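Hello,

Here is the structure I said I would pass on. My notes on its aromatic rings follow below it.

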Amino acid sequence: MKTILGYLQTYFRSVHLPAFILISLLTALLIAINYTVGIEDRIMQIATYPRRFTGFFLLFTFIFGSAWLIQFIFQPASVQPRNFFYILLLAAPAIFAAKMTLDWLARFLTKGLPVPWDQYGYMVANWPVKCAFVLLIVGLLWKWGGYERPVAGLRFKGFDPLPYFILLACMLPLLALAVTRPDFLQTYPKVNRVLFIDQHTAHAFPWKLLYEISYGIDFVTIEFFFRGFLVLAFMRYGGQSVILPMAAFYCAIHFGKPLFECITSYFGGIILGAVVYNTRSIWGGLIVHLGIAWLMEAGAMLMKQLHQ
């Protein structure tokens with residue numbers, strides 16, 4: 001735990017305060033607009049995949065590009081963009097916009113299943129399919145950019161999981177607070193989305209467990225992309241300046257989540273970004289992030305049981 005606190009202390013000592021304030025205000029402004037007019041909801045309601053992709057691409061490009069622009073204005077000496085930087089700058093929003101709109105592929109792969117297992121199959125296959133897509137594209141960019149292996153923080157050597165389990169334990173009071181909020185219980189547990197299978201099988205638990213495992217795979221995608229790719233690929237051009245643009249982008253993908261979760265995602269992104277910057281490994285962040293996700297599932301299920 002002291003090691004993680006040391007990473008954070010080192011990072012915050014290096015932060016340029018005006019840049020931090022402006023990027024934080026930009027993120028806060030977009031949060032306020034989203035929870036007033038529903039940016040994410042409006043994009044998700046776009047009927048066609050290409051237009052929905054364009055909507056997410058423009059949103060992510062705006063917040064990610066603006067955060068990098070602020071860093072460049074206030075810390076030009078620490079940000080040294082070259083040709084491949086601009087490729088990455090556009091590729092990153094494009095990859096995640098595609099990830100957000102790639103549902104058609106899982107539907108195509110499961111459309112031959114009988115009703116209602118076609119719907120269940122789509123819901124379980126969707127996250128692994130998207131994970132494979134992101135891994136493939138980032139892997140190709142990693143090779144194109146001539147980066148050292150392993151790809152995007154997939155490094156086990158010297159990894160000590162204990163500090164991250166301690167950090168996860170420290171998050172329990174915040175999680176306990178979150179599960180009492182009505183907007184949280186409207187979103188979680190995610191497994192409620194597959195309750196329709198209860199009437200089609202005598203043993204629903206294994207199918208729900210499979211759904212939770214698939215849900216967990218999405219956090220592999222998130223950590224690989226945001227901490228592994230957006231931190232470790234971009235640090236070549238900006239050192240620790242990469243963390244704030246990544247955190248702002250990371251916050252934007254939470255616009256469809258409860259407000260409290262969206263706000264805390266910004267600060268969580270900064271913490272996990274600082275950790276990965278120093279360790280060059282995404283596994284600690286994955287322990288924390290995935291642990292929080294499954295604890296939120298368990299907490300929401302417990303709260304709903306208590307309210308019945």
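Arginine 236 lies over the face of tyrosine 147, 3.8 Å from the ring centre. A charge is taken to sit over a ring if NZ of Lys or CZ of Arg is within 6 Å of the ring centre and within 35 degrees of the ring normal. Arginine 280 has its charged end over the ring of tyrosine 277, at 5.3 Å from the centre.

This is a predicted model, in which local features need pLDDT of at least 70 and side-chain atom pairs count only at pLDDT 80 or more, while totals for chains, interfaces and linings use all residues. Residues are numbered from 1 along each chain as its sequence is written, and side-chain values use heavy atoms, with hydrogens and water left out.

Now the ring pairs. Rings of Phe, Tyr and Trp (its six-membered ring) pair if their centres lie within 6.5 Å; planes under 30 degrees apart are stacked, over 60 edge-to-face, and the rest tilted. That rule gives 31 aromatic pairs. One of them is phenylalanine 64 with phenylalanine 234, edge-to-face, with 5.5 Å between centres and 85° between planes. Phenylalanine 64 counts as buried at 1% relative accessibility, as does phenylalanine 234 at 0%; buried means under 20% relative accessible area, exposed over 50%, partly exposed in between (1.4 Å probe, protein chains only).

Tryptophan 127 and tyrosine 211 are also edge-to-face, because their ring centres are 5.4 Å apart and their planes at 65°. Both tryptophan 127 and tyrosine 211 are buried.

Regards
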